[in-house]
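Let's take a quick tour of a protein together. Have a look at the picture first, then read on.

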Amino acid sequence: MKSSLIIPAYNEEEALPSVIEEYMDKVDEIIVVDDGSSDKTYEIAKTYDVEVYKHAINKGKVATLRTGVANASGEVIIFTDADCTYPAEYVHQFVSELEKGADLVLGSRFLNGINNMPILNMIGNRFFSLLAAYISCISISDGQTGYRAFKKEHFDKLDVSAVSLEYETKMTVRAAKLGYKIVEVPIEYRERVGTSKLRPIRDGFKMFRGLMSVAYNETSLIAKTIMMPSVFFIIFGAYFGIISLYEKVMFSVLEHGYYPLLAVFFIFIAMQLLSIGLIMDYLTKKLDRIEDNIRKS
Ligand SMILES: Nc1nc2c(ncn2[C@@H]2O[C@H](COP(=O)(O)OP(=O)(O)OP(=O)(O)O)[C@@H](O)[C@H]2O)c(=O)[nH]1
Ligand SMILES: [Mg+2]
């Protein structure tokens with residue numbers, strides 16, 4: 001199978017040469033897309049025997065990947081980053097998994113223990129992987145990885161709507177929902193060369209918003225109906241809790257002695273509703289999958 005490697009690059013002049021050199025003899029085609037860099041990324045890419053495209057202005061990673069795929073001629077598309085974090089040695093394994101029948105291959109940074117990810121990114125990644133696993137009902141260790149491969153014919157379906165870093169996770173969830181075979185390959189994750197483009201709080205928030213909207217759409221109606229009132233109970237609980245705390249701290253005595261009790265009561269009800277909702281949702285999804293399997297067999 002002919003393979004096309006897409007390298008999205010935004011101000012990556014420091015790392016890009018080693019990335020191109022490392023992958024050069026491992027894929028059939030390399031496509032570098034310069035995302036309106038203000039440094040020498042484009043000029044450096046042009047000195048290699050690879051295809052280079054350029055955005056006149058910075059359009060973000062997702063648009064950059066799309067430009068790459070649109071210009072790729074391989075049957076297999078591989079995404080990697082231009083920052084030296086993803087070693088090229090796994091490319092053959094990715095392609096061979098696709099040849100054996102996988103639809104989406106993910107380079108998992110959490111399966112072999114060699115991980116140079118900053119701690120804040122690590123926490124965010126674990127959280128979003130759990131959320132993705134909950135939404136898609138399959139166990140994925142690293143739904144966000146930028147190192148992934150799939151057959152080009154599947155790109156129309158895998159190209160989810162997203163503007164930022166939620167793209168990869170949403171793509172993973174979409175693949176799971178479509179019943180695609182997802183295979184994870186354990187990879188080493190190296191320390192980044194050059195400065196990070198990631199802004200953990202801003203990007204983390206965008207990603208959270210994107211995934212919450214997916215989670216909301218994917219949660220069954222019955223579960224939503226059960227869980228919704230818990231929002232009000234949490235607000236009531238927090239209100240009585242904060243007033244109690246305020247009275248205790250400011251005046252050392254509780255003017256409303258029964259408020260702490262109300263706070264605990266409301267939070268307790270909220271927790272009960274949330275747990276029942278989650279269980280209902282899990283059971284609904286499980287039943288849907290059983291039904292799907294029966295229909296397919
Ligand atoms: N963040 C970001 N990355 C872009 C953009 N356009 C292209 N890219 C490329 O997308 C890839 C991923 O960006 P990174 O900054 O490495 O983000 P990350 O991998 O999530 O985080 P770190 O590796 O920890 O910095 C890199 O190859 C970037 O050069 C853009 O507008 N913003
Ligand atoms: Mg990176």
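How many helices and strands does the secondary structure of the protein chain come to? The count is ten helices and seven strands. Keep in mind that what you're looking at is a predicted model.

**The whole chain**

- The protein chain has 297 residues, and 37% of them count as buried.
- If you draw a box along the principal axes, the C-alpha atoms fill roughly 75 × 55 × 35 Å.
- The chain is split into domain 1, covering 3–217, and domain 2, covering 221–296.
- Taken over C-alpha atoms, the centres of domain 1 and domain 2 are 37 Å apart.
- Look at contacts with a separation of 6 or more: 75% of them in the protein chain come from residues 24 or more positions apart.

**Around ligand 1**

- Ligand 1 is surrounded by 20 residues, and the closest are Tyr 10, Asp 35, Ala 82, Ser 196 and Lys 197.
- Strand S1 (3–9) and helix H3 (61–70) each give at least two residues to the shell around ligand 1.

**Helix H3**

- H3 also turns out to be mostly covered, with seven of its ten residues buried.
- Those buried residues are Lys 61, Val 62, Thr 64, Leu 65, Thr 67, Gly 68 and Val 69.
- What do the buried residues of H3 pack against? Their partners are the strands S1, S2 (29–34), S3 (51–54) and S4 (76–79), along with helices H6 (155–158) and H7.

**Helix H8**

- Helix H8 runs over residues 200–218, and here you can check a length yourself: at 1.5 Å a residue, its 19 residues should span 27 Å, and the end C-alpha atoms are 26 Å apart, which agrees.
- Which residues of H8 are buried? They are Met 207, Gly 210, Leu 211 and Val 214.
- Seen down the axis of H8, these buried residues fall within an arc of 90°, so they line one face of the helix.
- Over on the other side of H8 you'll find exposed residues: Ile 201, Arg 202, Phe 205, Arg 209, Ser 213 and Tyr 216.
- As for what covers the buried residues of H8, the list includes helix H5 (119–136) and helix H7 (166–177).

Conventions: Residues are numbered from 1 along each chain as its sequence is written. Chains are lettered from A and ligands numbered from 1 in the order in which they are written. This is a predicted model: local features need pLDDT of at least 70, side-chain atom pairs count only at pLDDT 80 or more; totals for chains, interfaces and linings use all residues. A residue is near a molecule or strand if its C-beta atom, placed from the backbone, lies within 6 Å of it. Helices (H or I, at least four residues) and strands (E, at least two) are DSSP runs, numbered from the N terminus. The expected span of a helix is 1.5 Å times one less than its number of residues. A residue is buried if 20 or more other C-beta atoms lie within 10 Å of its own, exposed if 12 or fewer, and partly exposed in between; C-beta atoms are placed from the backbone. The arc is that of the directions from the helix axis to the C-beta atoms. Two residues are in contact if their C-beta atoms, placed from the backbone, lie within 7 Å. Domain bounds come from an automatic or database domain assignment.
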